[in-house]
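Have the viewer open as you read.

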Amino acid sequence: MSAKGAGGGHDWPLWEVFIRSKGGMAHRHVGSVHAPDPKLALAHARDTYTRRQEGISLWVIPSAAIIASDPADSGPLFEPAEDKVYRHPTFYDIPDVVKHI
Amino acid sequence: MPSLPIIENDQVAKAKTAPDGGAFDEPETFAADPLEDGYYDYLLRLGDDSLVLGQRLGEWCGHAPGLEVDLSLANVALDLIGQATHLLNKANNDDGDALAFHRDVLDFKNCLLVEQPNGDFARTMARQLLYSTWQHIHYRELSESPDPFLRGLAQKAVKEVAYHRELAADWTIRLGDGTEESAARMAGGLDWCWRFIPELFEVDDVLEGLIAMQLVPDPRGFEREYRAALGEVLAEAKLGVPADHRPILGGRRGHHSEHLGHLLAVMQHIPRLYPDSKW
């Protein structure tokens with residue numbers, strides 16, 4: 001942490017925050033926080049995103065660790081799926097008791 | 001002036017004839033229907049600790065280093081003010097606001113540590129580490145009390161305070177084991193706050209009576225654990241243990257530093273200007 005960071009937190013690294021809202025659910029991305037280290041990133045995530053009982057479990061990961069796709073590549077990456085309607089499981093009847101599909 | 005006590009002539013006369021040449025007058029309690037004296041005093045001590053520290057942390061609102069820290073300090077402040085609300089309501093027939101906003105400085109029973117000015121962020125964290133570590137062990141023990149109110153309060157608050165303690169320890173380690181400047185500021189903050197530790201373990205007649213009834217924990221029983229816990233955090237933060245300066249006592253008897261009056265003036269002036277207003 002540089003002297004500048006001590007004054008404003010502007011050079012603290014960014015962390016992505018994921019919350020599991022209840023048992024059995026997957027962690028979902030909810031936003032990001034700035035923090036100087038992993039423990040404080042978790043504390044900041046708790047203080048910023050779980051003030052209203054939003055979850056029972058938290059993950060934080062350094063934003064820099066995310067390998068992101070290039071928006072310029074979205075054509076080759078995603079458009080070929082557009083006409084593959086048979087990949088959707090819409091030809092089956094899903095029983096009512098099965099949730100979260 | 002909201003927080004200046006009203007000194008009556010007979011009190012001045014009484015002070016002049018006192019054996020020690022003029023100690024403070026007897027603090028007056030405010031409760032309309034005071035509970036048994038020692039118990040009432042104990043509620044004020046814990047309630048005022050939480051109220052004053054909550055108000056101090058609230059002063060960081062909009063000024064903390066970073067939005068996340070702003071939220072984090074406000075969360076801690078709100079936990080503390082929630083505790084104070086329960087304690088002062090209990091002390092005054094559900095009218096804790098009267099105790100919070102219409103008492104003067106000599107009637108406050110908080111320890112001197114919590115009224116100390118915020119200083120820089122490192123000093124605020126030093127104060128928080130010293131107080132939250134004490135409060136956490138204290139409330140953990142208090143959650144075994146045979147008194148249903150104190151037990152219930154402590155069982156709820158001990159979880160909040162465990163988080164405050166952890167947060168303050170994390171920041172102490174981060175700053176102590178950080179840059180040269182952050183380590184110097186953290187050491188300075190700890191040095192400033194260290195002389196207020198002995199007051200946390202002082203046992204006067206009021207506390208002695210409650211301890212004898214086995215209603216509340218004896219702080220002397222956990223001073224060793226407290227100092228060892230601080231020692232662990234400081235070691236991880238690569239900071240030395242500050243020297244023990246001459247202890248400063250008196251907050252529990254209403255003898256406060258000059259800082260508390262200013263804090264109360266800010267906290268109390270609106271309710272005193274508009275005594276019956278609701279918002």
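Helix 2 (residues 38–49) of chain A lies across strand 1, strand 2 and strand 3 of chain A, with contact taken as heavy atoms within 4.5 Å. Against strand 2 of chain A, this helix runs at about 115 degrees; axes are lines fitted to C-alpha atoms, for helices over the stretch in contact, and angles run from 0 to 180 degrees between N-to-C directions. Helices (H or I, at least four residues) and strands (E, at least two) are DSSP runs, numbered from the N terminus.

A word on the source: this is a predicted model, where local features need pLDDT of at least 70 and side-chain atom pairs count only at pLDDT 80 or more, while totals for chains, interfaces and linings use all residues. Residues are numbered from 1 along each chain as its sequence is written, chains are lettered from A and ligands numbered from 1 in the order in which they are written, and side-chain values use heavy atoms, leaving out hydrogens and water.

Now the sheet itself. The 3 strands form an open sheet in the order 2-1-3 (chain A), and the pairing is antiparallel; two strands pair if DSSP finds at least two bridges between them. Strand 2 (28–34) and strand 3 of chain A are at the edges with a single partner strand each, so one side of each has no neighbour in the sheet. On average, neighbouring strands are turned by 30 degrees against each other, direction ignored. Strand 1 and strand 2 of chain A are joined by 6 bridges, and A:Glu16 has A:Ser32 in strand 2 as its bridge partner.

On to the rings. Over all chains there are 7 aromatic pairs, meaning rings of Phe, Tyr and Trp (its six-membered ring) with centres within 6.5 Å; planes under 30 degrees apart are stacked, over 60 edge-to-face and the rest tilted. Two of them are below.

| Pair | Centres | Planes | Type |
|---|---|---|---|
| A:Phe18 and A:Trp59 | 6.4 Å | 55 degrees | tilted |
| B:Trp60 and B:Phe121 | 6.0 Å | 85 degrees | edge-to-face |

A:Phe18 in strand 1 (residues 14–20) and A:Trp59 in strand 3 (residues 57–62) of chain A are 41 residues apart. A:Phe18 is buried at 18% relative accessible area, whereas A:Trp59 is partly exposed at 48% (buried is under 20%, exposed over 50%, partly exposed in between; 1.4 Å probe, protein chains only).
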